[in-house]
Amino acid sequence: MTVSIVTSIIVWVITGALGALSTYFGVRYKKMKKENNALKNGVQSLLRNKIIEYHEKYTRQGYCPIYAKEAVRHNYEAYHELGGNGVITKLYEEIMELPVEKKVQNRPKNSKSGGNRV
């Protein structure tokens, strides 16, 4: 009978320990998942903000240098991989359609000399 009591106690202790471990890992998993979602949302928000800043700057300038387009592309791809929506896609496309150099306006031939002489 003592073997049966010892066996019952061992089974009870093991079951309790497994239940405690299961609870611990379940709580830990939920916490990590919540933190991961917060980080994902934070990074996504920062990327969205940066793309908006790029859009405002370069559409105001009327052109976007190639190095800036590359940075925008990397930001957009990361934003999209994090589950970003289509609103930023429109801004991204507008940036990519901009010329890479500022348009140079043609000056009149007489403007080099500082004006017309009489």
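Predicted model: local features only at pLDDT ≥ 70, side-chain atom pairs only at ≥ 80, totals over all residues.
Me: What distance separates the end C-alpha atoms of α1, and what span should its 60 residues have?
Reply: Helix α1 runs over residues 2-61. Because each residue counts for 1.5 Å, the 60 residues of α1 should span 88 Å, and this agrees with the distance between its end C-alpha atoms, which is 88 Å.

Me: Which residue just after α1 takes a positive phi?
Reply: Helix α1 covers residues 2-61, and the residue to look at stands just after that helix. Its phi is positive, at about 90°, and the residue is G62.

Me: Which helices do the buried residues of α1 pack against?
Reply: Buried here means a relative accessible area under 20%, and in α1 the residues that count as buried are Q44, L47, I51, Y54, H55 and Y58. The helices that these buried residues pack against are α2 (66-81) and α3 (87-97).

Me: Is I10 buried, partly exposed or exposed?
Reply: I10 lies in helix α1, and together with V6, I14, L18, L21, Y24 and F25 it makes a nonpolar surface patch of about 710 Å². Residues between the cut-offs of under 20% for buried and over 50% for exposed are called partly exposed. Since the relative accessible area of I10 is 46%, I10 is partly exposed.

Me: Which residues are linked with R73 in a network of salt bridges?
Reply: Side chains of opposite charge can pair when their charged atoms come close. R73 meets E70 in a salt bridge with N to O at 2.5 Å, and R73 also forms a salt bridge with E77, where the closest N and O atoms are 2.8 Å apart. R73 and E77 are separated by about one helical turn because they are four residues apart in helix α2, while R73 and E70, in that helix too, are three residues apart. The residues linked with R73 in the network are E70 and E77.

Me: What is the N to O distance in the salt bridge of K90 and E94?
Reply: K90 and E94 both lie in helix α3, where they are four residues apart, about one turn of the helix. K90 is partly exposed, with a relative accessible area of 49%, and E94 is partly exposed as well, at 25%. Their side chains meet in a salt bridge with an N to O distance of 3.5 Å.

Methods:
Residues numbered from 1 in each chain as written. Heavy atoms only, no water. Patch = residues over 30% accessible without salt bridge, like charges linked within 9 Å, V, L, I, M, F, W, Y side chains within 5 Å. Areas by Shrake-Rupley, 256 points an atom, 1.4 Å probe, with all protein chains shown as cover. Salt bridge = Lys/Arg side-chain N within 4 Å of Asp/Glu carboxyl O. Helix = DSSP H or I, 4+ residues; strand = E, 2+ residues; numbered from the N terminus. Buried < 20%, exposed > 50% of the residue type's maximum accessible area, 1.4 Å probe, protein only. Expected span 1.5 Å × (residues − 1). Contact = heavy atoms within 4.5 Å.
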